[in-house]
Amino acid sequence: MFEDFDLFHENIISIRIDVSPMSEDPLTSYIKNGSERCQLALTDRSYRTKHQRESKDNAVVQINFELGALGDAVLRLALTQILYHEGREKLIEERARYESDRVLVERVAPYYRLRDVLYDDTNKDKMHGYDYFEYSGDGDHPQKFLATAMEALLGAYFLDHRESISEVIPIVRNWMSVIDKDYVCIDTERSTGGDDRSLPIEERKCSIIEIAAIKVVDGRPEEKYWDVQLIPGRCFDSYALDVLHRDPDRYAKGKDPETALAELIKFVGHLPVLGCDFVDKDLYYINEHLECFKHDKWKPDVIELQNRCGKTKLEYMCQRFGISFIQTHSAIDDARVTVECFESLNSKGV
């Protein structure tokens, strides 16, 4: 089907706009040049429906569905190869973070200004930015047409470049850097060193007392910080009082934990969450608190610094990158240092 391309596109290609993103990569040039397969990749099913209906000879306009299926497979293979050679310890989880439809719609498609170059008949005036849904007259339809188009572009590029996965790798690496550019780094401090997780939840002692979050969007950090009250019935142990937190009254004046966590989750939104060892430490205690308040578990996309740098402490990561680190037992200080380490990794292409 890729050889027979409908003539409807010939009347449109001449008015296409410049789609240069922040830094040009091979796919940007490919979109500009507008090969036959590239045009096919950019053709949504709504365009076919309208123009097949309006055409006098009822000609069939080809759409990008098959190219999207190919591009999905190519993307998975490229991601697997990249992550494997980088030594990522949680390969499947890491790959899922880069290939989801939501990430393609909300992060990658805007980078290429894909909404402006797509052949479609959707109502663009009703689109709110790069929403995950296609808006039409009869309600919302999760057609994910931007994600399909991104995958189809990758499939078309693959076919037009000798079906070589090595030709696709630089494009996928660029997508990964775009996805990693915006995130929220989270760190927590707690009232004890930990709990016996085999205990019933009402018998555990550990309680979050500090939450720090740093949102990084387009390189601009925005900090949020919460002092959090102890969950009722829990207390500071001697270690926490002597070494970590010498002023329990400070936390008694903080926000109640249910409110603090609701504000945190709203602050994060759909962005991925960065932490030093976020899943094993901070996310566990956040979800343990949510369970106390009868809420569902929080399941954000996660970037774990230790998965990139090996199982080592934050202070040793700082030594590796020449970053000053003083153990303050402060959530906001640790979050800032974690961001510095992560940005150092990204700047080195790791």
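Residues are numbered from 1 along each chain as its sequence is written. In this predicted model local features need pLDDT of at least 70 and side-chain atom pairs count only at pLDDT 80 or more, while totals for chains, interfaces and linings use all residues.

Helix H4 (residues 65–85) and helix H7 (residues 145–160), where helices are DSSP runs of H or I with at least four residues, pack with their axes 6 Å apart at an angle of about 80°. H4 and H7 are therefore roughly perpendicular to each other, a term that covers angles of 65 to 115 degrees. Their contact, meaning heavy atoms within 4.5 Å, involves residues including Gly71 and Asp72 of H4 and Glu151 and Ala152 of H7.

Glu151, which is found in helix H7, counts as buried because its relative accessibility is 9%, the limit for this class being under 20% relative accessible area with a 1.4 Å probe and protein chains only. Although Glu151 and Gly71 are 80 residues apart in sequence, their C-alpha atoms are 4.4 Å apart in space. Beyond its neighbours within four places in sequence, Glu151 is also in contact with Asp101 and Leu104, among others.

Elsewhere in the description, the largest pocket has a volume of about 570 Å³. Its lining comprises 20 residues, of which Glu189, Lys281, Gln327, His329 and Asp334 are the closest to its centre; lining residues have an atom within 4 Å of a point on a 1 Å grid. Strand S3 (183–190) is one of the elements that each supply at least two lining residues, and S3 gives the most, with 4 residues.

Definitions and conventions:
Side-chain values use heavy atoms; hydrogens and water are left out. Axes are lines fitted to C-alpha atoms, for helices over the stretch in contact, and angles run from 0 to 180 degrees between N-to-C directions. Angles under 35 degrees count as roughly parallel, over 145 as roughly antiparallel, 65 to 115 as roughly perpendicular and the rest as oblique. On a 1 Å grid over the protein atoms alone, a cavity is a set of points where a 1.4 Å probe fits but cannot get out, and a pocket is an open set with protein on both sides within 12 Å along at least five of seven lines; lining residues have an atom within 4 Å of a point. Grid points are joined across faces, edges and corners, and a volume is the space filled by probe spheres set on the points. Buried means under 20% relative accessible area, exposed over 50%, partly exposed in between (1.4 Å probe, protein chains only).
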